[in-house]
Amino acid sequence: MFPDCKKLASLLLIFGTLFFVSALWYAESIYPKYDIFQNYISDLGVGTAAFIFNNAIMLAGFFLIIISFLLFKQFKDKLFLSLLAVTGIGAFGVGLFPENAGYLHSVFSAITFLFGAFSAIYSSKFSKKPFSWFFIQLGLFSLVATILFATNNTFGLGIGGMERLIVYPFLIWTFVFGIYLIFSKENQN
């Protein structure tokens with residue numbers, strides 16, 4: 001028997017997040033002289049760590065697309081489906097068009113950052129307090145960091161440090177939202 005859509009989506013969120021974070025940290029460790037404050041995350045998509053990083057982010061994007069359809073069956077919300085699916089398409093595009101691909105990489109990165117933040121914010125519709133507030137805060141934090149990053153305001157964190165303030169809140173959201181869905185009793189809000 002197949003698990004229900006919510007449980008399968010939950011497991012993909014949790015294990016997909018853990019897989020991506022593990023691949024990210026491994027890629028950072030094998031990239032020569034990589035500096036998490038001075039290097040973009042996408043620098044990992046070229047050179048020594050390219051195979052690991054690009055495949056990990058494409059797999060994460062693919063998982064988000066699948067998760068969006070699984071959660072649509074659960075919540076019947078087209079906007080949430082769209083936000084998650086577009087985030088997944090963006091992440092897949094980041095790996096498909098690495099940093100040295102130029103403009104397309106920047107477009108897919110921006111899509112991932114923005115739609116990921118909006119996904120976290122919108123997920124509050126499907127969760128109870130205090131989780132709903134936490135998901136809004138994570139999304140807003142990521143959104144503000146995206147704006148600061150786009151306007152070259154790094155506050156001494158460097159480009160890599162500011163970029164992590166965009167990405168890590170989203171990764172925290174995917175992990176915690178996955179756990180929340182496993183333990184939530186309600187089928188729909």
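Visitor: Which residues touch the most other members of the largest nonpolar core?
Guide: Since the model is predicted, what follows describes computed contacts. The largest nonpolar core has 24 residues, and the elements giving two or more residues to this core are helix 1 (5–30), helix 2 (50–75), helix 3 (78–96), helix 4, helix 5 and helix 6 (158–183). The members of this core that touch the most others are F20, L24, L44, F53 and I57.

Visitor: Which element gives the largest share of this core?
Guide: Helix 1, helix 2, helix 3, helix 4, helix 5 and helix 6 each give two or more residues to the core. The largest share amounts to five residues, and the element that supplies it is helix 1.

Visitor: How many residues are in the second, separate core?
Guide: Apart from the core of 24 residues, there is a second, separate one, which includes L12, F75, F135 and Y180. The size of this second core is 20 residues.

Visitor: Is A50 buried or exposed?
Guide: A50 has its place in helix 2, and among the residues that touch L44 are A50, A49 and F53, leaving aside residues up to four places away in sequence. With the same exclusion, A50 touches L44, G45 and N55. Its relative accessible area is 15%, and because the cut-off for burial is under 20%, A50 counts as buried.

Visitor: What separates the C-alpha atoms of A50 and P98?
Guide: A50 lies in helix 2, while P98 is 48 residues apart from A50 along the chain. Between the C-alpha atoms of A50 and P98, the separation in the model is 8.4 Å.

Visitor: Which helix supplies the largest share of the lining of the largest cavity?
Guide: The count comes to one cavity of 30 Å³ or more, and the largest cavity holds about 370 Å³ of space. Its lining has 28 residues, of which F20, A91, T112, F170 and L171 lie nearest the centre, and helix 1, helix 2, helix 3, helix 4 and helix 6 each supply at least two of the lining residues. The largest share, seven residues, comes from helix 2.

Visitor: How many residues of the lining of the largest cavity are nonpolar?
Guide: The 28 residues of this lining include nine polar and one charged. The remaining class in this division, the nonpolar one, has 18 residues.

Visitor: Which residues are closest to the centre of the largest pocket?
Guide: The largest pocket has a volume of about 350 Å³, and helix 4, helix 5 and helix 6 are the elements that give two or more residues to its lining. Helix 4 provides the largest share, six residues, and the lining divides into seven nonpolar, seven polar and two charged residues. Of the 16 residues that line the pocket, the closest to its centre are S106, S109, A110, F113 and F149.

Visitor: Which backbone oxygen does the side chain of S127 reach?
Guide: S127 lies in the loop between helix 4 (103–122) and helix 5 (131–150), and this serine is buried, with a relative accessible area of 7%. At 3.3 Å, the side chain of S127 reaches the backbone oxygen of S123.

Visitor: Which residues does S132 touch, not counting residues up to four places away in sequence?
Guide: S132 lies in helix 5 and counts as buried because its relative accessibility is 7%, where the cut-off is under 20%. With residues up to four places away in sequence left out, the residues that S132 touches are S124 and S127.

Note on methods: Residues are numbered from 1 along each chain as its sequence is written. This is a predicted model: local features need pLDDT of at least 70, side-chain atom pairs count only at pLDDT 80 or more; totals for chains, interfaces and linings use all residues. Side-chain values use heavy atoms; hydrogens and water are left out. Helices (H or I, at least four residues) and strands (E, at least two) are DSSP runs, numbered from the N terminus. Buried means under 20% relative accessible area, exposed over 50%, partly exposed in between (1.4 Å probe, protein chains only). A polar contact is a pair of N or O atoms within 3.5 Å; within protein, one must be able to donate a hydrogen and the other to accept it, and residues adjacent in sequence count only if both atoms are side-chain atoms. A nonpolar core is a set of buried Ala, Val, Leu, Ile, Met, Phe, Trp, Tyr and Cys residues joined through side-chain atoms within 4.5 Å. Contact means heavy atoms within 4.5 Å. On a 1 Å grid over the protein atoms alone, a cavity is a set of points where a 1.4 Å probe fits but cannot get out, and a pocket is an open set with protein on both sides within 12 Å along at least five of seven lines; lining residues have an atom within 4 Å of a point. Grid points are joined across faces, edges and corners, and a volume is the space filled by probe spheres set on the points. Ala, Val, Leu, Ile, Met, Phe, Trp, Tyr, Cys and Pro count as nonpolar, Asp, Glu, Lys and Arg as charged, and the others, Gly among them, as polar.
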